[in-house]
Amino acid sequence: MIRLGLIFLLFGLPVCLLAQNAAVTGKVVDAVSNEPLPFVNVLVSGTSVGTVTDEAGHFEFRNLTPGFIRIEASFVGYKKAVSSEVEVNNSSTAFVEILLQKSVSKLDEVTVTASPFRKTLESPVSLRSIGIGEIEKSPGANRDISKIIQSFPGVQSTPAFRNDIIIRGGGPSESRFYLDGVEVPFINHFATQGASGGPVGILNADFIREVNYFSGAFPANRGNALSGVMEFYQIDGNEEKLNFHGTLGASEVAATLDGLLGEKTNFVFSVRKSYLQLLFSVLELPFLPEFTDTQFKIRTRFNKKNELILTGLAANDISELNDNIDDPDEEQKYILSEIPVYKQQTYTLGAVYKHYRDNSYQTFVASRSYLNNSAYKYLDNDESSEANKILDYDSQEAENKFRFENTSRMDGFKLNFGANLDFVSYKNSSQFRRFYNNQPVNVSYNTDLNLVKYGLFAQLSKSVFSERLALSVGVRADANNYSSGMKNLLDQFSPRFSASYSLTERWSLNFNTGRYYQLPAYTSLGYKENDVFVNKNNNLKYIAVNHFIGGVEYRPKPTVQLSAEAFWKGYSQYPFSVNNQVSLANLGADFGVVGDEEVASISEGRAYGAEFQARINATDGFNFNLSYTLVRSEFNDGEGSYIPSSWDAKHLLTVTTTKDLKRNWRIGARWRFVGGLPYTPWDIEKSSLVEAWNLQGGPYADYSRLNAERFDPFHQLDIRIDKSYYFEKLTAKFYIDIQNFYNFQAQQNDIIVRAEDASGNFILADNGNRYVLNEIKNTSGTVLPTIGIIIEF
């Protein structure tokens, strides 16, 4: 298949160049009542191709040029709107639904220009929308949603090839994710329990229609987030025929089906399977990961007033050690000594029911999420005796969530209010060893924790002064039955306020402030010592953060957006490791588990800075995104002094550009720069102790010098070349994606290994009490070319 794809790329097929029979159908409805709107003017953005909706609100366009387009809609008494991006081709008819909101201003008092850049009453700042075109075209991302988000302002990427979402100096556990309104705790394979990152995304890009990314100004109906909220909206199944979409990517093969299940029901279903174990084995890498995932969406429109969406995703991850490497080098030995064997299963199933009325609609959401995370490790991977086992970890998290929302619009006011009720089960059976206060400590506990979480929220918004000034005020309160310190809703009272003023049609000033809360990880809530919930006795509290954000936005054209924002975040009640004397805000961007230890809610921190973004989303196929963030992130060290956190990058710069060329070629490039991150050096004296090393099979960080050193800056260039063929009944796409084009070597913490004699025995010192350790300079980075093939029919 790859050889055939290269032949296509090199020579092309002239017949496909003449096929310009792409089509799109759609529907325009009232955003609140869901009533179809007849006689609406609709237009293909950037062209003079237009039509009018029929009496049922439907429209269609035929004989379009294949590619990515948006549809504009305008109607008397409503605000102009631009649809999310949709790809049209010759082999199937695309569908797009446009929601129009009523306008309360007279036509001669305000001029509204439709734009692809989203801005809401609740979130006039720190909201970015990402269309399917950007997802499909993004260089260096390989259609991975998390990697694409890393190109946006305030989001930090790392050279560790992980998908951690680190926003404006906050930790990787501070974001929440929603899939068509259903909260999804994990969106990455091999996720870090207690955080959220991982090396590969679970979400299939074939499903995604649009992504809303919030780095602040969170709506009141989105709780339990400190730094970020991501809302993923999925496509609907094709309502004309059954479609197949096959993808061969960098690490997996995927197949997607979509179509009709009945007259009123459509579906999308996919399954993906990695071939990483085979690839890593051939390359003689020391670990062998493998993953499988599946995703689905079923949408039923019972009538124009009632609809139901069923959605879900599941993943199965396995990581084993490669013990068949002949004569492993020191880096391979280091990895083999550090990494455990682990398995992870996750799933989320959700149902979203909507009922529409004349001036309001109600949303009912029910979901279940589950994580099973297990790992084991033997010292030197010697499984001949159970006495060599240094880690035996088995944990399950289950969340059953229920949420009700009412959204009303009347007399220019928008009111959203509701409540949520969650039932949580956390189980953990763990045995491992740690080295505290110069002595080994055996940790063994069994947890069966059941929580009831509950919350209330409301947000009222209105535009005044001919819709030039938009105001929004919201409140939220969350609590649970874990302890007396968490059960009172008023203790987690979370107000927020936003304002946006349009100076002119093109210039606007924006502001937001709010206080947000997040529950500590279940790993901390459920941690036990001597059969006692030690962190419950420590009066563990919700983490709190105050946001202040102000900015200015300029849109010289509907397709061009320039924005600048300043932000400040003040953290309090962050969990602080009692034994290691480090804030958990510094942890989470590594594999394993975060928070399974004694902690206290005493850490404080702050993150502040400014960011600038320039975006061009032109209708001629040119896309440009420049984002720069100046950020400082600091947390206290247990003695009251602020020191740089692990995410204090100072400078984040990303430039991404793509351009559609003639004959369905496309080129793109992304360049990233991340300032040198702080890091904690190794404690060589402690690590060299035989008793200490043998407890965890590796070196220990010197937390007395927390983040005392700083890496050199990291930068990387990714390039991508695409070629598409649009046949009458088939679409074929091929791409070459080259990550780290100029082979930059990113600095990382030194590798620590035990010295060996000529016979392969470890060299001991201090009467056999210490290992002799070698420190080896460590860098990462390689040119990584990928050939991708996408077939659709």
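Reader: Which side chain meets that of glutamate 405 in a salt bridge?

Author: Side chains of opposite charge can pair when their charged atoms come close. Here the side chains of glutamate 405 and arginine 222 meet in a salt bridge (3.8 Å, N to O); the term denotes a side-chain nitrogen of Lys or Arg within 4 Å of a carboxyl oxygen of Asp or Glu. This is a predicted model, in which local features need pLDDT of at least 70, side-chain atom pairs count only at pLDDT 80 or more, and totals for chains, interfaces and linings use all residues. Residues are numbered from 1 along each chain as its sequence is written, and side-chain values use heavy atoms, leaving out hydrogens and water.

Reader: Are glutamate 405 and arginine 222 buried or exposed?

Author: Both glutamate 405 and arginine 222 are buried. Buried means under 20% relative accessible area, exposed over 50%, and partly exposed in between (1.4 Å probe, protein chains only).

Reader: Which salt-bridge partner does glutamate 183 have?

Author: Glutamate 183 meets lysine 401 at 3.6 Å, N to O. The pair links distant parts of the chain, 218 residues apart: glutamate 183 in strand β14 and lysine 401 in strand β26 (residues 389–410). Strands (E, at least two residues) are DSSP runs, numbered from the N terminus. Glutamate 183 is buried at 13% relative accessible area, and lysine 401 is buried at 9%.

Reader: In what order do the five strands of the open sheet stand?

Author: Strands of a sheet pair through backbone hydrogen bonds, either parallel or antiparallel. In this model the order is β10-β17-β18-β13-β14, with mixed pairing; two strands pair if DSSP finds at least two bridges between them. β10 and β17 run antiparallel, joined by five bridges.

Notes: Helix = DSSP H or I, 4+ residues; strand = E, 2+ residues; numbered from the N terminus.
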